[in-house]
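Reader: I would like to learn how to read a model like this one. Please take the features one at a time.

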Amino acid sequence: MFAKRPKPLLSFPKQQLSNPHFFFSTPTTFHTPLSSLPPRPSINQTKQAHAQIIVSGLGANASFTGHLLASLALSPSTPFAYSLSIFQTIQYPSLFASNNLIRCLAKSESPRESVVLYSCILGRNLIPNNHTYTFLLQACSKALAISEGTQVHTHVVKLGFCEDVFVRNALIHLYSACCRVECSKRVFEENGHCRDVVTWNSMLAGFVRDGRIGDAEKVFDEMPERDVISWSTMIMGHVQNGQLEEGLECFKEMREKGLRPNEAILVTVLSASAQMGLLENGRLVHSIVDSLNFPMTVSLGTALVDMYAKCGCIEQSKLLFHNMPRRDISSWNAMICGLASHGLGKEALALFERFINEGFHPVSVTFIGVLNACSRAGLVSEGRHYFKLMTEKYDIELEMEHYGCMVDLLSRAGFVDEAVELIEKMQAPPDPVLWATLLGACKIHGSVELGEKIGNKLIKLDPTYDGHYVQLASIYAKARKWEDVVRVRRLMVEQNTNKVAGWSLIEAQGRVHQFVAGDREHERSLEIYKMLETIGTRIAEAGYSPKISSVLHDIGEEEKENVVKEHSERLAIAYGMLVTKVGDCIRIVKNLRVCEDCHEASKMISMVFDREIIVRDYSRFHHFKEGKCSCLDYW
């Protein structure tokens, strides 16, 4: 056993515990008034029963008071002071009463007090049982009290409770909560015959919490029995560690086995669907919520609002938000940020004002949404106002994201000097992302000299990141300074960096299809390129002219046109035209910002083919319809 014998635990504080018989009593059987309480009574229900006990003249009865503590221990929340005041009325508290006070304290905001009480129990020769250690270890877990928990572990060994499954489960959870997953593993592997589904789930959760998804998968595969908690832990583990597709696949497998998901699973899967922009998957989860009659809680409603907003259905998102029976600050933040990402700046600001009028206090994330809304809609004066408001009125500390929003707002609107001044006045060193944002504005406004200065600065700060080279080369390419383009690209090769491949996703026919530029790996590649030719011919007849100034190669005009027409989103749109019905919306998700030519082409396609095309790039949404884009070409 790896735990060592502890030093003496702390003494109980100076309270009414001086009587040597303070901890001894035996509960008796009774039927009223506590027998009428529900399994998990509220504090008010317990207080009503307490009042009846006092009115009946039984306030000093140790059995009634002990069971009153047991009821409190089962309540969703347990006030520390109230639990202790009840315990102190017992002249000779039993182990039963003491255990229930420990359990109450473990759930309270003062879980370490349970360790102090345990110390007093030992000092008065009251012998703990398995319940004592289960509740005590739960308290140590909540308090992240690894030192005290390790000492308790030695007592568990000494008194022979190592094979009690409930105590073992509490030990595994303790070490996992305190980031000692190897200790959890050792407890798990000892006495392998003493395991239940909770034991396996505790070990599974420990690996997930520690980011060891491979180990979690191994435990999951070896489990003799799985419950909904097992699946929930595994799904959340995948999603929280960025393995979104694996999380969705795990959810699909769980559903195939006929298990009913819990709310945590549904919220997690909605989050994964939102991050990937998979609308059909999100709609499936929404249908499950409806079919299983899940109550529309704040968490579930907020997840749905966020999912529809991130999957391009902002109207559906707004409808859900307005119909939510109850909202918290996260619900408002999700809606404000959703409106901002769709370029609906004025709507986002109006919602923020309503948020304030309803008595909510904004937090850091709220203002990220507000400032993003200003940036995406070019609302410069409003952005300046809210940037000032967040510090002067709401005393919110400025973070790098807030500066990023303001630099983006100012620089894209042409106030490049003001953006530079803002960066230079920052108390903390500016994040390279801020300079990169400014570099992007230099490309938009053709500021070659400033762009060159910032680009070289960024390359020195992080010579391995390919994006800085690409941005600088794009500025040179737009100015047709091909020698400088070649020089930057050569430097990029020398530093062993490569341009991140752009990709586009489209969800169709129950599958997710991914394309990269010039992709010919798709099973319907021949049809896709044939459709691409048809699209090219039709939009050219309608007046489309390729915008090829951003192509970095010093090659002929015709070759440049071929390069841009095979960009990943063009291939995804062509595939969408093949597999969707005439008039259906085509939805694309990109990992990079949409290029100028593809933006123009998408507008023309929406007009010529009478299709709505929604593209989510890494910055915002573009809704192409009838030859126009929702961004009004401000992106």
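Reader: How many bridges join strand β1 to β3, and do the two run parallel or antiparallel?

Author: This is a predicted model. Two bridges join β1 (residues 503-508) to β3, and the strands run antiparallel. In this pairing, L505 has V589 of β3 as its bridge partner.

Reader: Which way does β4 run beside β3, parallel or antiparallel?

Author: β4 (residues 613-616) is parallel to β3, with four bridges between them. V589 takes part here too, its partner in β4 being R616. Between β3 and β4 the chain passes through helix α31 (residues 596-608), and this β-α-β crossover is right-handed. As for burial, four of the five residues of β3 (residues 586-590) are buried, which leaves the strand mostly covered.

Reader: How many residues of helix α2 are buried, and what covers them?

Author: Buried residues number 10 of 13 in α2, so the helix is largely enclosed by the rest of the structure. Among them are F64, L68, L69 and L72. Their cover includes α1 (43-55), α3 (80-87) and α4 (95-107). Helix α2 (residues 62-74) spans 19 Å from its first C-alpha to its last, close to the expected 18 Å.

Reader: How many aromatic pairs does the structure hold, and why is the pair of Y133 and F161 tilted?

Author: There are 14 aromatic pairs. The ring planes of Y133 and F161 meet at 50 degrees, with centres 5.5 Å apart, so this pair counts as tilted. Y133 lies in helix α6 (residues 130-143) and F161 in the loop between α7 and α8, 28 residues apart. Both Y133 and F161 are buried.

Reader: Why does the pair of F352 and F355 count as stacked?

Author: Their planes are at 25 degrees, and the cut-off for stacking is under 30 degrees. The ring centres are 6.1 Å apart. The general idea is that an α-helix has 3.6 residues a turn, so residues three or four places apart point the same way. F352 and F355 are three residues apart in helix α19 (residues 345-357), about one helical turn. F352 is buried at 1% relative accessibility, and F355 is buried at 0%. Ring pairs also link both into a cluster that includes W332, F360 and Y386.

Reader: Where is confidence lowest, and where is it highest?

Author: Where pLDDT is low, the predicted coordinates should not be read in detail. The lowest mean is 53, in helix α29 (residues 557-565), and the highest is 97, in helix α16 (residues 298-310). Residues 1-30 have pLDDT below 50, and residues 552-561 stay under 50. Over the protein chain the mean is 86.

Notes:
Residues numbered from 1 in each chain as written. Predicted model: local features only at pLDDT ≥ 70, side-chain atom pairs only at ≥ 80, totals over all residues. Heavy atoms only, no water. Buried < 20%, exposed > 50% of the residue type's maximum accessible area, 1.4 Å probe, protein only. Pairing = 2+ DSSP bridges. Right-handed = clockwise from strand over helix to strand, strands pointing away. pLDDT = per-residue confidence, 0-100. Contact = heavy atoms within 4.5 Å. Expected span 1.5 Å × (residues − 1). Phe/Tyr/Trp six-rings, centres within 6.5 Å; stacked < 30°, edge-to-face > 60°.
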